[in-house]
Amino acid sequence: MSLYIDITKRLKHFTLSTSFSCHPGQLTAIVGPSGAGKTSLIRLIAGLEAPDTGTLFFNNTPWVEMHKGYSMPTNKRKIGLVFQEYTLFPHMDIRQNINFGASNTIHIDELMHTFGIYHLRRERPHSISGGERQRAAFCQALASQPDLLLLDEPFSALDVKTRSFLCGLLADLKTSLNIPIIHVTHDLREANLLGDAIMALENGQIAPDWLSRQYHLHNNLLYPNTSAYL
Amino acid sequence: MSLYIDITKRLKHFTLSTSFSCHPGQLTAIVGPSGAGKTSLIRLIAGLEAPDTGTLFFNNTPWVEMHKGYSMPTNKRKIGLVFQEYTLFPHMDIRQNINFGASNTIHIDELMHTFGIYHLRRERPHSISGGERQRAAFCQALASQPDLLLLDEPFSALDVKTRSFLCGLLADLKTSLNIPIIHVTHDLREANLLGDAIMALENGQIAPDWLSRQYHLHNNLLYPNTSAYL
Amino acid sequence: ENAVIASGAGYKKMVNALNAAYKHETGRSLDILFGNMGRVLMLAKQSGKVDLVLGDESFLVGNNLSLSVRQELGKGKLVLAFAESSAFSTESDLDTIKAQRIALPDFKKAVYGKAAREYLINSGRLPRIQPKLVEVATVPQVFSYLTTNEVDMGFLNLTHALNVADKLGGFVVIDESQYSPIHIMTGLLRTSRHKEEAMVFLKFLKTPLAQSIIHENGL
Amino acid sequence: MDFVEILIQPETLGPLWLTTKVLVIAGCFHLLIGILLGYYLTNGQSMMRLIVDFFVTLPLVFPPIATGFILLMLLGRAGLIGRHIPFEIVFSFSGVVLASFISGLPLIVKPLIAALRGDVGKLAETAKILGKSDWQIFWLVLLPNVKKNIAAGWFLALGRSLGEVGITLMLGGNIIGRTNTLSLEIYNSVFTGEFERAIILSSLIGVFSLGIFTALKRLSAI
Amino acid sequence: MDFVEILIQPETLGPLWLTTKVLVIAGCFHLLIGILLGYYLTNGQSMMRLIVDFFVTLPLVFPPIATGFILLMLLGRAGLIGRHIPFEIVFSFSGVVLASFISGLPLIVKPLIAALRGDVGKLAETAKILGKSDWQIFWLVLLPNVKKNIAAGWFLALGRSLGEVGITLMLGGNIIGRTNTLSLEIYNSVFTGEFERAIILSSLIGVFSLGIFTALKRLSAI
Ligand SMILES: Nc1ncnc2c1ncn2[C@@H]1O[C@H](COP(=O)(O)OP(=O)(O)OP(=O)(O)O)[C@@H](O)[C@H]1O
Ligand SMILES: Nc1ncnc2c1ncn2[C@@H]1O[C@H](COP(=O)(O)OP(=O)(O)OP(=O)(O)O)[C@@H](O)[C@H]1O
Ligand code: MOO
Ligand SMILES: [Mg+2]
Ligand SMILES: [Mg+2]
């Protein structure tokens with residue numbers, strides 16, 4: 001149940017080109033500046049877009065083999081994905097949303113309790129808060145009992161407390177789910193705490209030195225010199 | 001040019017009820033757990049929803065006087081708002097988006113340069129990254145030269161570097177714009193650094209002690225006890 | 001501005017021919033509009049712009065159209081027409097079992113439908129062939145079903161049958177004594193704004209040239 | 001003749017009942033086949049799809065009487081298709097239903113396609129990730145989210161079916177007591193100069209459509 | 001008679017040219033007035049709006065001949081409205097245009113309303129915050145985002161106008177050489193048994209609609 005990636009794809013301003021692997025029970029944290037290609041990478045793994053060249057293997061099954069022109073459809077890949085922009089179905093309430101992709105062995109109610117959204121189970125997505133929606137989307141992805149979990153900044157709309165609670169939960173999930181997890185985050189501390197591996201993307205390339213360049217910024221949130229422009 | 005708020009509104013699970021004021025050149029940071037009513041408060045100030053009771057004055061002009069049944073339409077209020085879920089217009093490119101509400105004295109190109117999205121000016125919103133969109137939405141709000149700036153987690157999709165850069169920018173903006181700014185954030189450090197006042201919301205009420213309760217969490221991001229549930 | 005004549009669509013060919021001859025003879029011409037008789041009546045009553053009507057008398061007069069002049073053109077004649085691919089060719093084929101469907105226009109409201117019914121009653125056929133009858137609304141409809149072989153034979157008027165003779169497997173003219181006479185006429189509306197023009201045309205209709213055109217068209 | 005009298009005549013009640021039956025059946029087909037066509041025409045692009053799309057649209061742009069005549073040639077006793085069909089279409093109830101169905105079909109299909117090609121694509125992505133097939137996504141995610149557009153389109157289709165004259169006349173035959181719908185009765189009334197009757201029947205159709213109108217407003221607001 | 005011969009007859013070219021003119025003018029009105037009605041009918045709810053909505057829809061559900069009859073009574077020389085209009089509508093070019101316009105109008109208005117009531121509301125909020133008026137929001141934000149739906153509706157409206165017979169006959173009069181559109185010519189041909197001519201003219205209409213079809217596909221894909 002390991003994921004092997006080796007792909008390239010031409011984006012607007014640069015070429016995304018990465019090669020790495022990801023193993024069960026491990027969390028690969030992906031960090032990097034805005035526009036580095038993180039979301040694009042996640043979409044490629046999910047099969048929402050096809051790479052230009054390369055291969056993708058999961059559990060020794062080919063998902064993508066571009067030299068053969070093969071790409072497995074998204075719905076066959078058994079993945080869970082929490083989008084940066086959570087897209088719950090507006091015509092279902094929260095419970096139905098979570099139930100929609102659920103395997104029947106999972107306990108939806110428990111899951112909703114854990115994420116603190118049980119009291120919202122009958123609400124429609126448009127009538128709950130941003131952070132609540134984000135948690136509901138997380139539940140939805142987990143309820144489908146995926147073989148691979150892809151997270152694109154799933155905590156961005158959460159307050160510190162909820163966020164740190166869910167970080168803890170994610171750490172537990174690593175072992176209890178025992179599947180590969182790829183986690184895109186902007187929080188370097190989070191990446192450090194959770195990640196078994198940390199991969200920095202910059203302009204579509206893996207940038208091993210990007211991380212060290214960041215640390216002084218992170219440790220004391222400073223104002224860089226910005227000139228007033230108005 | 002000060003904002004005076006004293007309103008209540010019944011939400012699904014509690015009543016939002018706040019009263020505070022906000023002055024030119026000052027930034028009021030609003031923090032609080034997910035679902036506390038922060039976005040709802042911003043929407044009330046913007047006039048996208050009407051409160052049940054209360055008043056709202058800006059610069060001695062009534063914006064809302066519910067006892068008279070009066071509520072000034074949103075488009076008369078001259079506000080800038082960056083939504084939690086950035087909604088750029090899909091049929092316009094980034095430049096047109098920013099230009100759309102712009103007063104003609106503003107230098108759009110300079111603004112885009114400052115936010116590092118000048119090279120994306122001809123792209124449509126769907127073909128840029130999440131963080132890039134967030135910055136474009138910020139530019140759009142600023143370009144309209146508002147009398148009041150409302151920010152609902154405008155930095156959530158940004159990496160540390162860009163985020164800290166924009167924080168610095170925002171600190172500069174406080175003095176250069178000299179208008180009241182209300183800034184919803186999940187980052188307590190950010191709230192501390194930028195806020196002239198920090199207001200914590202919990203269940204729709206101002207909760208003065210919430211902040212102190214958070215600090216130990218923030219200072220060492222710990223895993224709370226979470227039981228594995230799967 | 002020309003005078004307007006509203007005519008039943010079944011007389012299209014004849015009216016066109018009359019108008020052409022009229023133009024040739026006098027240098028004047030009419031504006032012509034065609035429709036089914038219902039439309040002709042409605043337009044005549046409501047539009048205020050129709051000067052002359054052309055159609056069967058019982059319908060036009062029966063519906064209280066206010067006319068200042070009436071002029072008969074001739075008698076409408078009922079025919080029994082056969083589908084091109086059918087083997088039928090005589091009146092007596094009405095009685096064979098092989099004829100499965102016989103179409104006729106609405107026999108309460110359409111003038112040739114009434115005539116066909118009278119004929120069937122007078123010839124004593126009605127009770128027997130009643131089950132085979134397909135009563136549709138209009139003459140053109142009967143013809144449509146004939147050409148598509150949907151029915152084996154059907155009742156039309158002679159004018160129409162002549163117009164489309166090449167698409168029929170023949171027709172026979174029914175003896176005029178078997179149904180009450182059908183008077184085809186033109187009339188000048190009281191509301192006409194081109195009375196003089198119209199009168200010139202009515203006068204033209206009496207000329208031998210016009211009469212021969214009318215006759216050629218089965219009236 | 002007064003209003004009520006005309007209303008309760010068997011010559012009015014017959015067509016009224018026929019129209020109701022036709023509308024119910026054609027309406028169900030519109031919804032079902034319209035939606036299936038919506039699925040077919042929005043999943044991928046091929047020459048065949050373009051052709052189907054074109055033919056679905058034709059009855060809209062052809063004068064009804066021409067469409068009716070073409071169908072008569074195809075479906076009649078001796079027609080290309082009619083020859084092979086075991087039951088009668090022309091002059092029968094099924095002919096009337098078919099006429100109603102065909103005339104209304106483009107009006108539900110076209111708006112549906114426009115809606116399905118819109119913003120709902122993002123939701124389809126999420127559903128795909130949750131392991132759903134195109135077919136499931138269509139029924140469970142896309143359709144519920146274009147419900148308003150379907151209701152609007154369905155209303156147009158039903159309305160057109162209700163008012164249709166030309167095709168029904170040709171296929172059904174306008175046979176009194178059997179295939180004369182309410183609209184054909186109006187046509188007949190005008191044809192024979194009974195204008196009062198035409199107006200009364202028209203107001204009946206007006207009431208009918210007001211019913212559909214409000215029903216669909218409710219439906220799409222659910 | 002062969003194809004080309006029939007095509008180049010003045011009896012064909014006249015109606016063809018007339019139809020083109022009518023379609024261009026009615027099409028512009030559809031777009032303009034359809035969109036304005038879309039604005040009116042989606043901004044707020046009042047009794048008046050419901051009534052307008054209903055009347056816009058009527059020509060769809062009424063048999064064309066009934067609509068034509070009613071319009072004739074209203075707009076004729078002695079009609080309630082016609083009395084006060086300085087120019088002639090009945091039997092004139094403007095009558096034909098009006099008939100085309102009225103028959104197609106519901107088909108652009110209804111889908112447009114359904115689309116405007118959809119997801120585009122969120123975009124309207126952003127625009128409101130940027131200080132735009134309802135009117136500006138409608139033209140600059142909402143319309144560009146329902147462009148596909150407008151194109152689909154416009155196509156339906158144009159198609160209906162093209163195929164319309166009943167109302168055109170009443171208002172225009174089907175006067176040979178003056179107000180006989182292509183569709184009326186087809187109607188006339190079928191009525192008098194000139195089926196070849198009907199079929200050739202129909203294929204002309206088919207080509208016409210194919211033209212509109214592709215043009216609008218392009219347009220909405222911009
Ligand atoms: N449109 C709505 N109608 C009714 N209730 C709503 C609506 N939107 C949000 N709510 C409810 O109101 C409460 C406050 O929501 P709000 O969006 O203001 O929270 P928030 O503080 O912004 O949270 P977050 O940090 O997660 O964005 C929540 O309980 C939510 O479920
Ligand atoms: N649909 C698209 N078509 C073409 N280019 C795109 C598309 N989406 C994004 N891009 C471009 O590809 C690059 C990478 O985008 P991506 O969304 O992967 O960035 P990201 O790392 O997720 O950034 P963020 O942290 O801001 O979300 C950016 O330069 C962006 O402008
Ligand atoms: O011209 Mo019609 O559509 O047969 O009434
Ligand atoms: Mg991203
Ligand atoms: Mg919020």
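Predicted model: local features only at pLDDT ≥ 70, side-chain atom pairs only at ≥ 80, totals over all residues.
Which polar side-chain atom lies 2.6 Å from an oxygen atom of ligand 1, if we look at B:T39 and its surroundings?

The polar side-chain atom in question belongs to B:T39, and it sits 2.6 Å from an oxygen atom of ligand 1. A polar side-chain atom of B:S40 also lies 2.6 Å from an oxygen atom of the ligand, and B:H186 places a polar side-chain atom 3.3 Å from an oxygen atom of ligand 1. Taken alone, ligand 1 exposes 640 Å², of which the protein buries 87%. The elements giving two or more residues to its shell are α4 (130–143) of chain A together with α1 (38–46) of chain B. There are 22 residues around ligand 1, and those that come nearest are A:S129, A:G131, B:K38, B:T39 and B:S40. Because the residues that surround ligand 1 come from chains A and B, the site is shared between chains.

Let me turn to ligand 2, which lies between chains A and B. Here 21 residues surround the ligand, and the closest are A:K38, A:T39, A:S40, B:S129 and B:G131. For this ligand I will go through contacts that involve the backbone. A backbone N or O atom of A:G37 is 2.9 Å from an oxygen atom of ligand 2, a backbone N or O atom of B:S127 is 3.2 Å from a nitrogen atom of the ligand, and a polar backbone atom of B:G131 is 2.6 Å from an oxygen atom of ligand 2. Ligand 2 taken alone exposes 630 Å², and the protein buries 87% of that. As for secondary structure, α1 (38–46) of chain A and α4 (130–143) of chain B each supply at least two residues of the shell around ligand 2.

That brings me to the chains themselves. Of the 6 pairs of chains that touch, chains A and B have the most contacts between them. Chains A and E, by contrast, do not touch, and their nearest C-alpha atoms are 10 Å apart; chains B and C do not touch either, with nearest C-alpha atoms 49 Å apart.

Next, the aromatic residues. Over all chains, a search of the whole structure finds 28 aromatic pairs. One of them is the stacked pair of C:F143 and E:F195, at 5.4 Å centre to centre and with 5 degrees between the planes. Since C:F143 lies in helix α6 (residues 139–147) of chain C and E:F195 in helix α11 (residues 195–221) of chain E, this pair joins two chains. C:F143 is buried, with a relative accessible area of 0%, and E:F195 counts as buried at 7% relative accessibility.

An edge-to-face pair is formed by E:Y39 and E:W135, at 4.9 Å centre to centre and with 80 degrees between the planes. This pair links distant parts of the chain, with E:Y39 in helix α2 (residues 10–42) of chain E and E:W135 in helix α7 (residues 134–145) of chain E, 96 residues apart. E:Y39 counts as buried at 18% relative accessibility, where the limit for buried is under 20%, whereas E:W135 is partly exposed at 41%. In chain D, ring pairs link D:Y39, D:W135, D:F138 and D:W139 into a cluster.

The charged end of A:R121 sits over the ring of A:Y118, 4.0 Å from its centre, and the charged end of C:R117 sits over the ring of C:F107, 4.7 Å from its centre.

I will close with two residues whose contacts cross between chains. E:K110, found in helix α5 (residues 93–116) of chain E, counts as buried at 8% relative accessibility. Its side chain is joined to that of E:T57 by a polar contact of 3.4 Å, and, leaving aside neighbours within four places in sequence, E:K110 is in contact with D:A152, D:F155, D:L156, D:F213, E:D53 and E:T57.

The other residue is D:M170, in helix α9 (residues 166–172) of chain D, which counts as buried at 2% relative accessibility. Not counting residues up to four places away in sequence, D:M170 touches C:S144, C:Y145, D:I65, D:G68, D:F69, D:L72 and E:V190.

Methods:
Residues numbered from 1 in each chain as written. Chains lettered and ligands numbered in written order. Heavy atoms only, no water. Helix = DSSP H or I, 4+ residues; strand = E, 2+ residues; numbered from the N terminus. Buried < 20%, exposed > 50% of the residue type's maximum accessible area, 1.4 Å probe, protein only. Contact = heavy atoms within 4.5 Å. Phe/Tyr/Trp six-rings, centres within 6.5 Å; stacked < 30°, edge-to-face > 60°. Lys NZ or Arg CZ within 6 Å of the ring centre and 35° of its normal. Near = heavy atom within 4 Å. Polar contact = N/O pair within 3.5 Å; in protein donor to acceptor, adjacent residues only side chain to side chain. Areas by Shrake-Rupley, 256 points an atom, 1.4 Å probe, with all protein chains shown as cover.
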